[in-house]
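Hi everyone, thanks for coming.

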Amino acid sequence: MAKYIVKRILFGLLTAFLVATLTFFIMNLVPGGPFLSEKAVTPQAQAAMEAKYGLDKPLFQQYLTYMGDLLHGDLGDSLKKRGFTVNRIIAERFPVSARIGGFAILLAFCAGVPLGSVAAYKRSKMVDNIIIVFSTAGIAIPSFLSSTLLLYFLSTQWGMLPSLFNLNNPQSYIMPVIALALYPMCYIARLMRSSMLDVIGQDYMRTARAKGVSTTSSIFKHALRNAILPVVTYLGPLMASLMTGSFIVEKIFTIPGLGHEFVGAITSRDYPLIMGTTIFLATFLITMNVVVDIVYVFVDPRIKLR
């Protein structure tokens, strides 16, 4: 297993390097610059700011300088948030996104797995049909629409929850968590239903029922462990995407998370912040995939890592 983990880490580092390289050059291919939106900036002032941040140098030299700093853990200074480093912005914003994303993942998993299992257990019955309709609608509805509906009904119309996000108010987390968890919860439910139906038809399940094991016990005790493997696979990239911030949800609910910062960095052409958040997301995604592969061994002992 140690050899496998080392190999995956090396491939992960290579992937992160390729992501950083492609992001750097593609980002600089877009016409314009980070200082063109500044008001009343003279050409002399713009040239001085470009010289200050090294943007006046040849592109490949900028790339070598950035990668050299990256090897030392330095993601550079933000071009728009003066006095803030990218490391500091990520360190301050990531815990906010991770907290909301963690609650959303917990809700999606704890609701999606039982819903999918019940749908498989009640196959072709009314409960199954209701769960299928609900999960299909949840997958089809985009997050900006579900967020808007939650804001309109739970905050504006009924006044049950605050419309402005507050880190210290537990009620402020309810709507963003529901909006973030809706799609993955419904996707997990459908994934779990499909996997569970496949497992139920296996020979060992028929043997268990022939030995007198009840249907409920055979499904939730014997079949669940094998049927949940596709869900575990999905949890890896899901954790990386939700815990680093959902751009749309954080923007709608004015959450000061990493996703909100990433959207602002793109619109303002803050190159170091774009690079830093992209590399952070890629690294986190690679790490989660390695963790999921290791968890496989404990979920299903038949799987061996080589």
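The protein chain has 13 helices and 0 strands. Helices here are DSSP runs of H or I with at least four residues, strands are E runs of at least two, and both are numbered from the N terminus. Reading from the N terminus, the order of elements is α-α-α-α-α-α-α-α-α-α-α-α-α.

A word on the source before we go further. This is a predicted model, in which local features need pLDDT of at least 70 and side-chain atom pairs count only at pLDDT 80 or more, while totals for chains, interfaces and linings use all residues. Residues are numbered from 1 along each chain as its sequence is written, and side-chain values use heavy atoms, with hydrogens and water left out.

Now the overall picture. Along the principal axes, the C-alpha atoms fill a box of roughly 85 × 55 × 30 Å. The protein chain has 306 residues, and 40% of them count as buried. Buried means under 20% relative accessible area, exposed means over 50%, and partly exposed is in between, with a 1.4 Å probe and protein chains only. The accessible surface comes to about 16500 Å², and carbon and sulfur atoms hold 68% of that. Those areas come from the Shrake-Rupley method with a 1.4 Å probe, and for residues only the protein chains shown count as cover. As for contacts, meaning heavy atoms within 4.5 Å, take those with a separation of 6 or more: 73% of them join residues 24 or more positions apart.

Let's zoom in on a pair of helices. How do α4 and α12 cross? Helix α4 covers residues 86-121 and helix α12 covers residues 258-268, and their axes come within 7 Å and cross at roughly 130°. That makes α4 oblique to α12. On the side of α4, the contact is made by Ile 89, Ile 90, Arg 93, Phe 94 and Ser 97, and on the side of α12 by Leu 258, Gly 259 and Glu 261. For the terms: axes are lines fitted to C-alpha atoms, for helices over the stretch in contact, and angles run from 0 to 180 degrees between N-to-C directions. Under 35 degrees counts as roughly parallel, over 145 as roughly antiparallel, 65 to 115 as roughly perpendicular, and the rest as oblique.

Two of those contact residues come back when we turn to salt bridges. A salt bridge here is a side-chain nitrogen of Lys or Arg within 4 Å of a carboxyl oxygen of Asp or Glu, and the count comes to 4. Glu 261 and Arg 93 form one of them, at 3.1 Å from N to O. Glu 261 lies in helix α12 and Arg 93 in helix α4, so this pair ties together parts that are 168 residues apart in sequence. Is Glu 261 buried or exposed? At 8% relative accessibility, Glu 261 counts as buried, whereas Arg 93, at 24%, is partly exposed. Both belong to a salt-bridge network together with Lys 81.

Arg 88 is partly exposed at 39% relative accessibility, and so is Glu 92 at 41%.

Elsewhere, Arg 193 forms a salt bridge with Asp 128, with the closest N and O atoms 2.8 Å apart. Arg 193 sits in helix α7 (residues 174-200) and Asp 128 in helix α5 (residues 126-140), so the pair links distant parts of the chain, 65 residues apart. Asp 128 counts as buried, at 1% relative accessibility.

Next, the backbone. Most residues other than glycine have a negative phi. Ser 124, which is not a glycine, has a positive phi of about 65°. Ser 124 lies in the loop between α4 and α5 and is exposed, with a relative accessible area of 61%. Arg 269 also has a positive phi, near 60°. Its place is in the loop between α12 and α13 (271-299), and Arg 269 is buried at 15%.Last stop, the surface. Ile 141, Phe 144, Leu 145, Leu 149, Tyr 152, Phe 153, Trp 158, Met 160, Phe 247 and Ile 248 form a nonpolar patch with about 950 Å² of accessible area together. The largest share, 5 residues, comes from α6.

Key. Patch = residues over 30% accessible without salt bridge, like charges linked within 9 Å, V, L, I, M, F, W, Y side chains within 5 Å.
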